[in-house]
Amino acid sequence: MMLRVHSLLVLVLLACQSLRGALSFSLPRTSPASVGDRRQVLQRSGAVLASVLLVGPQAVMAKDESKKGTKEDKGFQACLSKCLFECTKPPSTSSRAECYPECKQKCATSDAQLLRGRPKAQE
């Protein structure tokens, strides 16, 4: 969810950045040509924003689904983080290094998450 909001915010900021030059407020423009230019810029930016809003969330969700069962899985990382926090908070005398193996065992949902490093690519 946070990744989706973050990527959406970045895209909106990029769209606003591209409009900044087109909508500069230096001198008042009163010619009919400038009004048409503004309309075109707003129409195009609206179309770009609409396409980003419609396509963006699906692309983000596809990226999240491809990481399921790997060490980059957000659920695995969140579980591991919470487990390490609970294991090392006072009055515990355990270090993160001592807690990591048992937390990894507890949170892993696949064999790839239990491995050290990354699995070798098959040829």
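**View 1. Where H3 meets H4.** On the H3 side, the residues that touch H4 are Phe76, Cys79, Leu80, Cys83, Leu84, Cys87 and Thr88. Their partners on H4 are Arg96, Cys99, Tyr100, Glu102, Cys103, Lys104, Lys106 and Cys107. Sort this contact by class and you get 10 nonpolar, 1 polar and 4 charged residues. Bear in mind that everything shown here comes from a predicted model.

**View 2. How H3 and H4 cross.** H3 covers residues 74-88 and H4 covers residues 96-107. How do the two helices sit relative to each other, oblique or parallel? Their axes come within 9 Å and cross at roughly 135°. Angles over 145 degrees would count as roughly antiparallel, and 65 to 115 as roughly perpendicular, so H3 and H4 are oblique to each other. As for handedness, H3 passes H4 in a right-handed crossing.

**View 3. The loop between H3 and H4.** Look here for Pro91, which is found in the loop that links the two helices. What kind of peptide bond joins Pro90 and Pro91? It's a cis one, with omega at about 10°.

**View 4. Lys104, a lysine tucked into H4.** Lys104 lies in helix H4 and is one of the H4 residues that meet H3. Is Lys104 buried or exposed? The cut-off for buried is under 20% relative accessible area, and Lys104 has 8% relative accessibility, so it counts as buried. Setting aside neighbours within four places in sequence, Lys104 is in contact with Lys71, Phe76, Leu80, Gln113, Leu114, Leu115 and Arg116. Two of those names, Phe76 and Leu80, also turn up on the H3 side of the contact in View 1. Cys79, another H3 residue in that contact, is 25 residues from Lys104 in sequence, and the C-alpha atoms of the pair are 8.8 Å apart in space.

**View 5. Stepping back to the whole chain.** How much of the chain is buried? Of its 123 residues, 16% count as buried, and Lys104 is one of the buried residues. The accessible surface comes to about 9,800 Å², with 63% of that belonging to carbon and sulfur atoms. Now take the contacts between residues at least 6 apart in sequence: 48% of them join residues at least 24 apart.

Technical notes. Residues are numbered from 1 along each chain as its sequence is written. This is a predicted model: local features need pLDDT of at least 70, side-chain atom pairs count only at pLDDT 80 or more; totals for chains, interfaces and linings use all residues. Side-chain values use heavy atoms; hydrogens and water are left out. Axes are lines fitted to C-alpha atoms, for helices over the stretch in contact, and angles run from 0 to 180 degrees between N-to-C directions. Helices (H or I, at least four residues) and strands (E, at least two) are DSSP runs, numbered from the N terminus. Angles under 35 degrees count as roughly parallel, over 145 as roughly antiparallel, 65 to 115 as roughly perpendicular and the rest as oblique. A crossing is left-handed if the near helix is turned anticlockwise from the far one by less than a right angle, and right-handed if clockwise. Contact means heavy atoms within 4.5 Å. Ala, Val, Leu, Ile, Met, Phe, Trp, Tyr, Cys and Pro count as nonpolar, Asp, Glu, Lys and Arg as charged, and the others, Gly among them, as polar. Buried means under 20% relative accessible area, exposed over 50%, partly exposed in between (1.4 Å probe, protein chains only). Accessible areas come from the Shrake-Rupley method with a 1.4 Å probe; for residues, only the protein chains shown count as cover.
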